[in-house]
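This report describes the structure shown below. Please keep the sequence and the model in view while reading.

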Amino acid sequence: MATLPNMQEKLSLDTFVRGLWEENPVFVMLLGMCPVLAVTNSTMNAIAMGLATTFVLVASSTLISLLRSWIPKQVRIASYIVIIATFVTVVDYAIQAISLDLYNALGAFIQLIVANCVILGRAEAYASKQRLHTTLINSLGMGAGFTVALLALGSVREVLGSGTLLGFQVVPENFEPWVVMILPPGGFFVLGAWLLLFAWLKQRRERRLLEQEGASNAG
Amino acid sequence: MNEPQLASAAPQTPGFRMISTLGAIAMLSGLLVVLVYQFTKPIIAENQRVAIEKAVFQVVPGATRRVDFILGDDGVTVPGEDDATGEKIYVAFDDAGNLKGVALASGAQGYQDIVKLLYGYDPACSCIRGIKILKMTETPGLGDKIAFDPGFLKNFETLDAKLNDPGDALANPIVAVKAGKKQSAWEVDSISGATISSVAVAKALDRSMQRMAPLIQRYKKDLSRVKP
């Protein structure tokens, strides 16, 4: 696949930070919602899922970037899926070897990383066009952004839904946990609340920029 | 991609090249998966062994040692022997070498997937002494209560599993009843809101006990003779 040299991104801090903030896969791009809502009922699950996804994202993006000029355009999606599925299987065995309890808690969502659109999206939109080192850094950033987002949901849901954080009691004993928070609707509530916060922050920033412009124009 | 684009793009890449690319990628991924499988297999087996050991001591109160056997229609055999047919059982003893109970694995269809569990059967009182859910994907907050709800687990502290007069099946099948409606010693009080999961537990116990309780009672002497 011919790529124009001027499309190659220069490596900078932004390559990493973009995934964490400006293009956060969950809070900005709203990708990969299925695991985001499903496994964030506890902090531990969220961390494990985030790390597993990050590993698959980084490993598959790297390999795809390496093979990008060699894979014919017509079979690229099939190739990407096979590569992604391979790394998901690797993660699947690795988690079973690390902790069976964790593996049982995550259930089918480890295997479902194959279908996570963050990963295929990154492969198609970035790894298949960019050089190895920028791809590596960018996918690390995206993975970190995904993990942070899962953590943001998982910690809130665990504290409200079970009254614990990473298994430790953090709220007073007489607090009645909101069971709805660890059920699927709780995922939507918390995700909605986070999105609201981010939208508000964005609006506030834009308003301040406008005010500053107005002030400088007037002055 | 629309039709004309496909037609114009196709001649540029011969079919052979596409197939060989996919073949090479598939081979590469196959190799990687096999390597990881080989490497993690012993670790996973060890994890499972430790998990089972912990579970056995949990469902048979007072047990500190265990011996694995295969129990079938022809009696007790040691796992690994060629003619061993039957079900794997974990015979649990205390420090003094007294038979405390037998742990068995079973499973039944739950709300989402099969609920796999381990339970402890005490041949002396002909009752179930405890259960531990090994694997399930029941709804968090509702169905998954079968694993830890204290009221539900109380059902299995002494759940009746007596044999009938001919000694070839249970006298009373183990059944789940509506929450709070338990009347007899062989009934399981369901968790309200988790009826299907509760029924699955009762069904798993009943299915396994109907077959294995007569065998355990028949070969009880053989089991208690072995010392860990």
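## Chain B

How many helices and strands does chain B have? Chain B has 5 helices and 9 strands, where helices (H or I, at least four residues) and strands (E, at least two) are DSSP runs numbered from the N terminus. Along the sequence their pattern is α-α-β-β-β-β-β-β-α-β-β-β-α-α. The radius of gyration of chain B, taken over C-alpha atoms, is 24 Å, well over the 17 Å that the globule rule (2.2 Å times the number of residues to the power 0.38) gives for 228 residues, so chain B is more spread out than a compact globule. Its C-alpha atoms fill a box of roughly 80 × 45 × 30 Å along the principal axes.

## Basis of the model

This is a predicted model, in which local features need pLDDT of at least 70 and side-chain atom pairs count only at pLDDT 80 or more, while totals for chains, interfaces and linings use all residues. Residues are numbered from 1 along each chain as its sequence is written, and chains are lettered from A and ligands numbered from 1 in the order in which they are written.

## Contact between the chains

In this model, 23 residues of chain A are in contact with 23 residues of chain B; contact requires C-beta atoms, placed from the backbone, to lie within 7 Å. On the side of chain A that touches chain B, the elements giving two or more residues are α4 (76-98) and α5 (100-106) of chain A. The largest share, 11 residues, comes from α4(A).

Note on methods: Contact = placed C-beta atoms within 7 Å.
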